[in-house]
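My notes follow in the order of looking.

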Amino acid sequence: IRMLIGLMWPDQGEVQVLGKNPRDFTVEDRQKIGYLSEKQILPPGLKIKQLVDFCRPLYPKWDDSLIQRLSDRFTLDPNKKIKSLSNGQQRQVGFMLALAPRPDLLILDEPASTLDVVARREFLDEILQLIREEERTVLFSTHILSDVERIADRVGILKEGKLVVDESLDSLKENVKQIRFTARDGSTPKIELPNTYRIKRDRQELLITARVESPEQIQSIATQAGCDHEI
């Protein structure tokens, strides 16, 4: 994500964002990208309205009506200082500041990690409304899979720095399954599946998350290994 917004450069490979290498970004290009960092740090001594006033002239498409709508929805007092806000409220302020410029690309890195269940639901509702109302790309990074399932059209999964999945959410749910193998003789099953993403062993059970070509494929593998299975 830091490479996408031009804060660091790749050691190899290429990055293209909005049709350009981030190394070549102009001020105008950066104004088209909204970014909320996982560890966003806001000026603690400023009031919310002072921070909004500071950011407004930096973006030609700044939308004050959106700031007002989100402030009302999140019940944020513009006269409160950042340091007096809870972690969740500070995330909400950061989200407002990322969204108010009306960016073509909105990048959110673990944006709901510090929010409670109710606040996270409201936050996701805003993202869904954003996607519905306007043609805008949102890159949403999170480990909360229920949030991914709720808002994502396309899913990418990183494992040890490599992109192991990049496909539509519907395709992923259709083709990637969790299979539980149980050895009939009480031993730990010894099974290898192609396109395996995760393996968990528990005594005589083996829990595998993998791409499944067909139920018949799994049935054949389980029979050869002398196991019962459940998908």
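Which element gives the largest share of the lining of the largest pocket? I found that E4 does, with six residues. I am working from a predicted model, where local features need pLDDT of at least 70, side-chain atom pairs count only at pLDDT 80 or more, and totals for chains, interfaces and linings use all residues. Residues are numbered from 1 along each chain as its sequence is written, and side-chain values use heavy atoms, with hydrogens and water left out.

Entry 1, largest pocket. I noted a volume of about 1800 Å³. A pocket here is an open set of points on a 1 Å grid over the protein atoms alone, where a 1.4 Å probe fits, with protein on both sides within 12 Å along at least five of seven lines; lining residues have an atom within 4 Å of a point. The volume is the space filled by probe spheres set on the points, which are joined across faces, edges and corners. I listed 42 lining residues, and Phe140, Val155, Gly156, Ile157 and Leu158 lie nearest the centre. Strands E3 (137-141), E4, E5, E6 (176-183) and E7 (196-202) and helices H6 (145-151) and H7 (169-175) each give two or more residues to this lining. Helices (H or I, at least four residues) and strands (E, at least two) are DSSP runs, numbered from the N terminus. By class I have 23 nonpolar, eight polar and 11 charged residues. Ala, Val, Leu, Ile, Met, Phe, Trp, Tyr, Cys and Pro count as nonpolar, Asp, Glu, Lys and Arg as charged, and the others, Gly among them, as polar.

I looked up how E4 (residues 154-159) meets E5 (residues 162-168): they run antiparallel and are joined by six bridges. Strands pair if DSSP finds at least two bridges between them. Leu158 has Leu163 of E5 opposite. Two residues sit between the strands, and Glu160 takes a positive phi near 50°.

I placed Ser37 in the loop between strand E1 (33-36) and helix H2 (48-55). Is Ser37 buried or exposed? Ser37 is buried, at 17% relative accessible area; buried means under 20%, exposed over 50%, partly exposed in between (1.4 Å probe, protein chains only). Ser37 touches Arg91 and Asp109, leaving aside residues up to four places away in sequence; contact means heavy atoms within 4.5 Å.
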